[in-house]
Amino acid sequence: MDRRLIGALLVVAVFLVATVVPLLGGHRSTGIAQPAPIPRDPRMGDCLRERPQGIEPASAQPGVSGSVGNANTPTAVSSPLGPALVSCQSVSVAAEVVLTVAAAGSLEARQRRVAETGIDCHAAALRYAGLIRSAKGFLPATVSAAQAAEDPVGWRMSINLRTAWVYPSAFLRSAGRIWAACVVAPPSDGPYRGSLAGAFDTGRLPDRYGTCWNAPTVTPAVETVDCRQPHPSELLSVGVIADRSTVSTADLRESCRRLAAAAVGRLDPTAGGRLVLKTTPERLYSSELDRSVSVLCYLTSADRPLSGTLLGLHERPMPFGS
């Protein structure tokens with residue numbers, strides 16, 4: 001064999017050994033490890049892409065009484081890198097941050113700290129939506145304290161919602177994050193559009209937070225339905241009359257009308273007769289043995305079904321379905 005050919009083959013063999021042998025121990029690359037970026041802490045008004053696991057969806061939709069949300073707020077721990085925060089103007093969101101407080105230490109210590117603040121997460125969510133606490137219950141902020149005191153009915157407005165305190169994960173706690181967030185979500189799992197913030201002021205209640213019914217008149221058989229689906233009626237508020245002997249049927253109806261105007265955000269909540277204002281009971285009888293009586297105030301469509309909530313509607317078009 002030609003000596004020059006042999007020499008060329010030896011050069012090639014040496015080159016292959018030099019390039020292949022290091023790869024037998026695994027591919028190696030140069031670089032510097034970078035820590036995963038930690039998102040900022042949640043703030044009031046932030047929206048969440050995913051529903052916290054601690055906010056369990058309602059197992060069944062209630063009927064006549066409607067749903068006023070969970071008074072006892074459960075707790076949840078965020079995902080390792082914290083809740084996925086998005087703009088409330090996104091196409092869809094799953095929950096919202098009502099407020100945050102500073103709480104350090106172990107998870108148990110943080111829970112104690114939140115308890116020490118005395119903050120009721122459920123009540124905070126109602127205020128976040130634009131309801132204020134009166135002597136008799138929550139009402140839209142447009143209702144003055146004097147009006148609430150003079151009203152013969154103690155209306156107790158609420159919203160169909162669920163709340164929970166959400167805490168940083170173990171990883172975030174080790175990174176020095178000291179927040180605890182009161183988070184609100186609709187009773188049913190799934191995304192929604194809009195924001196609960198200021199719903200009874202300048203905003204509008206997202207449809208998933210409404211309490212809508214499958215019948216135009218309240219009966220023991222009535223069932224709640226998703227307000228985005230065609231429905232004939234929607235609950236505005238429950239209330240209590242302490243002494244029915246002092247309140248007439250006309251008083252009840254007028255009180256319901258004033259409440260509806262504040263809740264819908266229109267001087268005429270019936271939209272010129274396209275909606276009908278109703279109460280349960282329809283009439284008050286002073287001869288009843290029980291002086292105290294629970295009442296409902298609700299709106300029902302006169303003809304076409306509704307396909308959205310009426311609460312916080314203001315001057316927007318009526319949400320009539322096709």
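**Close-up 1. The right-handed link of Cys121 and Cys182.** The torsion about the S-S bond of Cys121 and Cys182 is about 90°, so this disulfide (a pair of cysteine sulfur atoms within 2.5 Å) is right-handed. Cys121 sits in helix α3 (residues 121-128) and Cys182 in strand β9, so the pair ties together parts 61 residues apart in sequence. Helices (H or I, at least four residues) and strands (E, at least two) are DSSP runs, numbered from the N terminus. Cys121 has 1% relative accessibility and counts as buried; buried means under 20% relative accessible area, exposed over 50%, partly exposed in between (1.4 Å probe, protein chains only).

This is a predicted model, where local features need pLDDT of at least 70 and side-chain atom pairs count only at pLDDT 80 or more, while totals for chains, interfaces and linings use all residues. Residues are numbered from 1 along each chain as its sequence is written, and side-chain values use heavy atoms, leaving out hydrogens and water.

**Close-up 2. Cys47 meets Cys88.** These two cysteines are joined by a disulfide, S to S 2.0 Å. Cys47 belongs to strand β1 (residues 47-48) and Cys88 to the loop between β3 (85-86) and β4, so parts 41 residues apart in sequence are tied together. Cys47 is buried, at 0% relative accessible area.

Close-up 3. Just after α2 comes Gly118, with a positive phi of about 75°.
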